[in-house]
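Good morning, and thank you for the time.

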Amino acid sequence: MMPAHSHHTTASIKRIGVFGGTFDPVHLGHMGSAKALLAAQNLDQIYFMPCQQHPHDKQPMANAEQRLAMLNLAVQGQSSFSVDDRELARSGKSFTVDSLIDIREEVGEQAVLIFLLGSDAFAEFHRWQRWETIFSLANVAVIERANAQSVQAIETVGLKQKINQAVDFVDAPCGQMTIASLPPYPVSSTLLREQLLQASASSSLLTEFMSPQVLDYIYQQHIYR
Ligand code: ATP
């Protein structure tokens with residue numbers, strides 16, 4: 001029997017990445033890793049999806065509007081990148097699983113969805129709301145991050161099994177996991193906020209790891225002072 005989807009050519013199946021985060025501020029670690037993963041997994045599009053400020057968590061220094069504006073500047077002119085503001089538009093805590101339910105509904109059941117996260121975030125993944133359900137909605141790509149626990153070392157039951165079955169190239173709509181060893185970007189938002197606080201306007205770290213447009217916006221808005 002022919003599989004139900006056999007009339008679709010491979011090219012017609014959309015491959016979409018979703019990159020969630022605080023983006024306080026967005027930097028080259030995010031953008032460069034996303035670009036490398038776009039190529040490695042042959043994605044059509046990556047949505048950068050900033051999260052809501054959680055009342056009980058560490059507060060971002062930039063407000064939602066500013067984080068959104070910085071992301072819009074960072075993706076400008078790159079047609080494969082877009083900004084998805086659904087978590088900012090939704091009131092209450094952002095759960096990735098809820099956003100992925102929405103996105104899956106929008107893209108249809110055949111689309112290949114890949115949720116991207118760094119290995120530091122993945123180390124906490126088993127504490128996320130309904131993380132098993134995330135695998136029924138999307139695939140997960142973990143980006144090995146300098147100075148973070150390596151993905152292979154994560155021992156959590158359930159996740160360990162996923163890690164051992166990781167694939168190089170994701171070819172299912174959901175349920176697979178891939179470990180992306182991309183060229184590492186030794187940068188974090190924390191490091192950049194520290195540089196900005198020290199008023200080291202000439203810091204080469206800032207110009208090396210942030211887009212000039214984002215940096216200009218930060219200075220204009222006096223965000224991290
Ligand atoms: P902070 O220093 O404030 O914790 P961050 O730099 O980790 O911020 P987030 O917005 O928290 O940035 O990260 C969003 C996602 O991007 C997370 O999954 C995180 O692991 C990943 N990420 C952040 N920086 C890098 C990087 N340099 N390389 C690869 N992934 C990264």
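This is a predicted model: local features need pLDDT of at least 70, side-chain atom pairs count only at pLDDT 80 or more; totals for chains, interfaces and linings use all residues.

Let me begin with His222, which counts as exposed at 57% relative accessibility. On this scale, buried means under 20% relative accessible area, exposed means over 50%, and partly exposed lies in between, with a 1.4 Å probe and the protein chains only. His222 lies in the segment after H10; helices here are DSSP runs of H or I with at least four residues, strands are runs of E with at least two, and both are numbered from the N terminus.

Residues are numbered from 1 along each chain as its sequence is written, and side-chain values use heavy atoms, with hydrogens and water left out.

Arg130 lies in the loop between H5 and H6, and at 39% relative accessibility Arg130 counts as partly exposed. For context, most residues other than glycine have a negative phi, and most peptide bonds are trans. The peptide bond from Asp24 to Pro25, however, is cis, with omega near 0°. Pro25 is found in the loop between strand S1, residues 15–21, and H1.

Which of its residues are buried? They are Val214, Leu215, Tyr217 and Ile218. These residues cover an arc of only 160° around the axis, so they lie on the same side of H10; the arc is that of the directions from the helix axis to the C-beta atoms. On the other side of H10, Pro212 and Gln220 are exposed.

Now to the aromatic residues. Rings of Phe, Tyr and Trp, the last by its six-membered ring, pair if their centres lie within 6.5 Å; planes under 30 degrees apart count as stacked, over 60 as edge-to-face, and the rest as tilted. By this rule the count comes to 10 aromatic pairs. Phe19 and Phe23 have ring centres 6.0 Å apart and planes at 85°, so that pair is edge-to-face. Phe19 and Phe23 are both buried. Phe125 and Phe135 also form an edge-to-face pair, at 6.0 Å centre to centre and 85° between the planes. Phe125 lies in the loop between helix H5 (119–122) and helix H6 (131–137), and Phe135 lies in helix H6, so this pair ties together parts that are 10 residues apart in sequence. Phe125 and Phe135 are buried as well.

Ring pairs also link Phe115, Phe122, Phe125, Trp128, Trp131 and Phe135 into a cluster. The charged end of Lys162 sits over the ring of Phe135, 4.6 Å from its centre; the criterion is NZ of Lys or CZ of Arg within 6 Å of the ring centre and within 35 degrees of the ring normal.

Finally, the ligand. How many residues surround the ligand? There are 22, and the closest are Phe23, Asp120, Arg145, Ser189 and Thr190, where a residue counts if one of its heavy atoms lies within 4 Å. A polar side-chain atom of Thr190 lies 2.5 Å from an oxygen atom of the ligand. A backbone N or O atom of Tyr185 lies 2.9 Å from a nitrogen atom of the ligand. An N or O atom in the side chain of Arg193 is 3.1 Å from an oxygen atom of the ligand. Taken alone the ligand exposes 590 Å², and the protein buries 88% of that; these areas come from the Shrake-Rupley method with a 1.4 Å probe, and for residues only the protein chains shown count as cover.

Arg193 itself lies in helix H8, residues 189–197, and is buried, with a relative accessible area of 14%. A polar atom of the Arg193 side chain also lies 2.8 Å from the backbone oxygen of Asp24. Polar contacts are pairs of N or O atoms within 3.5 Å; within protein, one must be able to donate a hydrogen and the other to accept it, and residues adjacent in sequence count only if both atoms are side-chain atoms. Thank you.
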